[in-house]
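Please look over the sequence and the structure shown below before reading on. The report that follows describes them for a reader who is meeting them for the first time.

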Amino acid sequence: MLAPLFEGITVSISSSTRWNRPAATFTWSGFKGLLPEERFHRLMTVISEGFKAERMAGFIWLELAPGESIDELLKMPRSDDVAAREGQIVADLSSCVFFATLAEELGASPQRQCQSDFRFATKVLSSLKFDAAGIRDAKLVFIRHHAFCDCAILESDLGSTARKNSASGNSAKRSGEQRRIAPRSQNA
Ligand SMILES: [Zn+2]
């Protein structure tokens with residue numbers, strides 16, 4: 001089931017004293033550099049709901065890159081962690097025309113260009129001088145909007161604003177309109 005898409009993945013089942021539940025640990029080199037929610041979503045694209053319900057009910061799922069510990073995995077950020085900062089992050093992305101630039105990168109058929117990951121978004125964010133933490137925060141916001149790959153960012157409600165703008169011309173100068181998404185500039 002996993003082998004064609006997850007070359008070299010290993011799955012081990014153990015009873016976990018930490019949670020008092022059985023744990024399924026998926027170890028795969030392709031998980032390296034991915035956020036925990038990206039890893040889980042990747043697995044979910046190939047594991048059927050039926051298999052999950054019949055064979056995996058009650059399991060803790062752990063997705064590790066080789067050499068990573070469970071503690072390291074648990075310390076990684078989750079999309080909920082950016083909930084309070086989301087407005088500002090989206091405003092930052094909009095004001096530097098990230099969405100329009102990503103749309104340009106992906107061209108006329110985003111789904112065909114997309115490699116089912118964030119490689120284009122990461123490239124655009126780097127070119128816009130986002131640092132590692134900024135890129136991570138942006139990905140967590142995408143995940144909060146159920147986007148787990150580049151084309152899904154454009155299809156999400158986040159990308160729809162950019163799409164409308166570029167459809168009506170000059171996207172770069174229209175970012176001012178999007179500032180109203182960012183209400184949290186002053187602290188009371
Ligand atoms: Zn995609």
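## Helices, core and loops

In this predicted model, F98 touches L93, V124, L125 and L128, not counting residues up to four places away in sequence. F98 is also one of the members of the largest nonpolar core, which has 35 residues, and together with F99, L102, A121, A147 and I153 it touches the most other members. The elements that give two or more residues to this core are α4 (86-95), α5 (98-106), α7 (119-127), α8 (132-144) and α9 (150-155). Of these elements, α5 gives the most, with six residues. The core draws at least three residues from domain 1 (10-75) and at least three from domain 2 (79-175).

For the protein as a whole, there are ten helices and three strands, and from the N terminus on the elements follow the order β-β-α-α-β-α-α-α-α-α-α-α-α. The protein has 188 residues, of which 27% are buried. Among contacts between residues at least 6 apart in sequence, 68% join residues at least 24 apart.

Two of the helices that contribute to the core, α4 and α8, also pack against each other, at an angle of about 110° and with their axes 10 Å apart. Because angles of 65 to 115 degrees count as roughly perpendicular, α4 and α8 are roughly perpendicular to each other. On the α4 side of this contact are E86, I89, V90 and L93, and these meet D137, A138, V141 and R144 in α8. The residues of the contact divide into five nonpolar, no polar and three charged.

A138 in helix α8 deserves a separate description. Leaving aside its neighbours within four places in sequence, A138 is in contact with I89, L93, L125 and F130. The C-alpha atoms of A138 and D92 are separated by 9.5 Å, although these residues are 46 residues apart along the chain. F142 also lies in helix α8, and, with neighbours within four places in sequence again left aside, F142 is in contact with A147 and I153. The C-alpha atoms of F142 and S156, which are 14 residues apart along the chain, are separated by 8.4 Å.

Which loops hold S116 and K129? S116 lies in the loop between α6 (110-113) and α7, whereas K129 is found in the loop between α7 and α8. Most residues other than glycine have a negative phi. Phi of S116, however, is near 60°, a positive value in a residue other than glycine, and phi of K129, likewise a residue other than glycine, is positive too, near 70°.

| Residue | C-beta neighbours within 10 Å | Class |
|---|---|---|
| A138 | 25 C-beta neighbours | buried |
| F142 | 25 C-beta neighbours | buried |
| K129 | 8 C-beta neighbours | exposed |

A residue is buried if 20 or more other C-beta atoms lie within 10 Å of its own, and exposed if 12 or fewer do. A138 therefore counts as buried, with 25 such neighbours, and K129 therefore counts as exposed, with 8.

Conventions
Residues numbered from 1 in each chain as written. Predicted model: local features only at pLDDT ≥ 70, side-chain atom pairs only at ≥ 80, totals over all residues. Core = buried A, V, L, I, M, F, W, Y, C linked by C-beta atoms within 7 Å. Helix = DSSP H or I, 4+ residues; strand = E, 2+ residues; numbered from the N terminus. Domains from an automatic or database assignment. Contact = placed C-beta atoms within 7 Å. Axes fitted to C-alpha atoms, helices over the stretch in contact; angles between N-to-C directions. Parallel < 35°, antiparallel > 145°, perpendicular 65-115°, else oblique. Nonpolar A, V, L, I, M, F, W, Y, C, P; charged D, E, K, R; others polar.
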